[in-house]
Amino acid sequence: MRKPDVVAIHPAAGILATLTLFTLFAGDFWRDLIGWPAYLALAGALAVGNLIWLFLARPEMTVRKWPKLLLLFVALAIASIAWARYTGVTGPGGHVDTTLGVLAMLCAGLGGLVPALVFTPHQLLSVLGATLRWVIGLSMLFELIVAVVIRHPILPIARVAGVDYTQKHLPTPFYWSRNLLFHGGQIQGIVGNGDLLAMIVLVGLIVFGIQRAEQLSRPFWGTFWIVLAAIELVLARSATVWVALLGTAVALGFALWARRIGQVGRGKLYAAGVGLLVIVVGGVLLAWTEVTALFGKTPTLTGRTDIWKQVIPLAQEHPWFGWGWLGYWVPWAKPFDGLAVRSGVTYLQAHNAWLDLWLQLGIVGLVVFALLALTTLGRAWFFAVDRPMTDASTRHPFTAVTLLPLLVFSAQLVQSFAESRMLLESGFAMLVMWAVLTKKQRP
């Protein structure tokens, strides 16, 4: 079902955008299936394809429409190659490692930039819907095959170098699927990670719900995908994403309230929002043990606070400009070798985007990114709560699609305090997507 005002996407553009976003959301699927060398070749080919698409499409984007803080943040990450302070197999400074980290950031950002520049909001919604249906549908099919046909936990087809997969008690994160679909455990889907799957599913719920509200999906299939996503969200059992879901629900409630009352009288709404934020933050800090227990977590958030305690002293060593941009930590370079190892598993992020930013780009990078996030959130808010305009005087009825950046970005912001995903792969691509889209849509 397609509304008359929704322009169809060129098939080649739709396939390239869907495959790019699928690879960003489900990079772990490709790495577990075909290994790192083939994955890097695929990612490079997609990056080249997106550059060619951008050149052929030649989207109109004046200098005024570019999000300056996004450009500043990327420029700072690139500049950090010069002062990188890591030591590893690439030698003192780790300039090769930081260069690779910056290239990974640029490729991920390109995957969010091109659709945001080329597509309309409805087209972007359509591509995201197609992508997430593939990831969510294949994840359930994968877990069903493991549970019904294979009937035991399985390891990735492509193994990680340096890991002894023959050891008797292999850490659970190394399994692609632990065969827990019918045992009440945490399913991991094709991405091999319950927390990552849950966040993908949450974005899917937002996208599928908006498509249904816009009548862009047929009633049966629209409802089917919403129900399937809800089931996977429950089975993924991610406390972090449940909190993100609550944050998204609050953002939706305030946005609908703002739409109802119009621009006059929003002062009370903003006062209520600030009051609620103070109450929530204060309550969490005062009753930390009880709150974490409510979500099935220990006060250390499954060891996250232990990692934070190790990261903070490192960040303090180079507080202003950081150690240099990497994105994912490289475990063979100091200071990351042996930094975050729990139960035989080496973790490659700080599990907090803001601490990771401080570590890698210092206070300067942290401030730039915070301003980028705040301005993007602000534009997403007004994009959601003000009537769409095609010029300075013409206003149109509200649509559900204008809620998309606000709801997804709200979920990302909540998740950023327990995961660093907003800086990596699909997380960074979506940040770029919302920053560019909301700036482009301003009259």
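1. Start with the largest nonpolar core: it has 109 residues, and Phe73, Leu128, Trp325, Phe369, Leu404, Phe428 and Trp434 touch the most other members. A nonpolar core here is a set of buried Ala, Val, Leu, Ile, Met, Phe, Trp, Tyr and Cys residues joined through side-chain atoms within 4.5 Å. Helix α6 supplies the largest share of this core, 13 residues.

2. Before going on, remember that this is a predicted model, where local features need pLDDT of at least 70 and side-chain atom pairs count only at pLDDT 80 or more, while totals for chains, interfaces and linings use all residues. Residues are numbered from 1 along each chain as its sequence is written, and side-chain values use heavy atoms, with hydrogens and water left out.

3. Now look at Phe369. Skipping residues up to four places away in sequence, Phe369 touches Phe73, Trp354, Leu357, Met422, Leu423 and Leu431 (contact means heavy atoms within 4.5 Å). Another core, of 20 residues, lies apart from the largest one and includes Trp308 and Leu339.

4. Is Thr376 buried or exposed? Thr376 counts as buried because its relative accessibility is 0% (buried means under 20% relative accessible area, exposed over 50%, partly exposed in between, with a 1.4 Å probe and protein chains only). Thr376 sits in helix α12 (residues 353–385) and, neighbours within four places aside, is in contact with Phe409, Trp434, Ala435 and Thr438.

How values were computed:
Helix = DSSP H or I, 4+ residues; strand = E, 2+ residues; numbered from the N terminus.
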